[in-house]
Amino acid sequence: EGPAGKHEYALRTVFETVNMPWDWPVNVNKHEATAFCNWKSSQPSHNGAPLRLVTEAEHLLLREPHQRHPVTDPANDPALNHGGATISEAAGVN
């Protein structure tokens, strides 16, 4: 609340209005995240390499080694070889 231009924001929940919690996580889709990276990279204050989302391969490499499931051959990919009803039992994944 306040005069225009003050940049004071509030979060309207079902039962109350609270100060904007800037440290809460956000839920965005790939398109919104890509747009943010493009926007942030174009800002004068950004003086590094262009920002981008990590690829799926990079994301998998960030995981702990025991959590990685390297798929070098499509024949070994559980998602391509099992249906949704059988993947948990057949491939041992949740």
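Analyst: One definition to begin: a residue is buried under 20% relative accessible area, exposed over 50%, and partly exposed in between. The model is predicted.

User: How does W39 classify on that scale, buried, partly exposed or exposed?

Analyst: The relative accessible area of W39 is 45%. Exposed requires over 50%, and buried requires under 20%. W39 is therefore partly exposed.

User: Which residue forms an aromatic pair with W39, and what is the geometry of the pair?

Analyst: Both partners lie in helix α1, three residues apart, about one turn of the helix. The ring centres of F36 and W39 are 5.7 Å apart, with 40° between the planes. Stacked needs under 30 degrees and edge-to-face over 60. The partner is F36, and the pair is tilted.

User: How many aromatic pairs does a search of the whole structure find?

Analyst: One of them is the pair of F36 and W39. The search of the whole structure gives a count of two.

User: What is the geometry of the pair of Y9 and W22?

Analyst: Y9 sits in the segment before β1, and W22 in the loop between β2 and α1, 13 residues apart. Y9 is partly exposed at 48%, while W22 is exposed at 64%. Their ring centres are 6.0 Å apart and the planes stand at 90°, so the pair is edge-to-face.

User: Which residue forms a salt bridge with E58?

Analyst: The count of salt bridges comes to one. The closest N and O atoms are 2.8 Å apart, against a cut-off of 4 Å.

User: What pattern do the helices and strands follow along the sequence?

Analyst: The chain has four helices and two strands. Read along the sequence, the pattern is β-β-α-α-α-α.

User: What percentage of the 94 residues is buried?

Analyst: The chain exposes about 8,700 Å², and carbon and sulfur atoms supply 56% of that area. Among contacts between residues at least 6 apart in sequence, 0% join residues at least 24 apart. The buried share of the 94 residues is 5%.

User: Where in the chain is confidence lowest?

Analyst: The chain averages a pLDDT of 78, and 72% of the residues score at least 70. Confidence is highest in helix α1, at 92. Where pLDDT is low, the predicted coordinates should not be read in detail. The lowest mean, 69, belongs to helix α3, residues 78-81.

Notes
Residues are numbered from 1 along each chain as its sequence is written. This is a predicted model: local features need pLDDT of at least 70, side-chain atom pairs count only at pLDDT 80 or more; totals for chains, interfaces and linings use all residues. Side-chain values use heavy atoms; hydrogens and water are left out. pLDDT is the predictor's confidence in each residue, from 0 to 100. A salt bridge is a side-chain nitrogen of Lys or Arg within 4 Å of a carboxyl oxygen of Asp or Glu. Rings of Phe, Tyr and Trp (its six-membered ring) pair if their centres lie within 6.5 Å; planes under 30 degrees apart count as stacked, over 60 as edge-to-face and the rest as tilted. Buried means under 20% relative accessible area, exposed over 50%, partly exposed in between (1.4 Å probe, protein chains only). Contact means heavy atoms within 4.5 Å. Accessible areas come from the Shrake-Rupley method with a 1.4 Å probe; for residues, only the protein chains shown count as cover.
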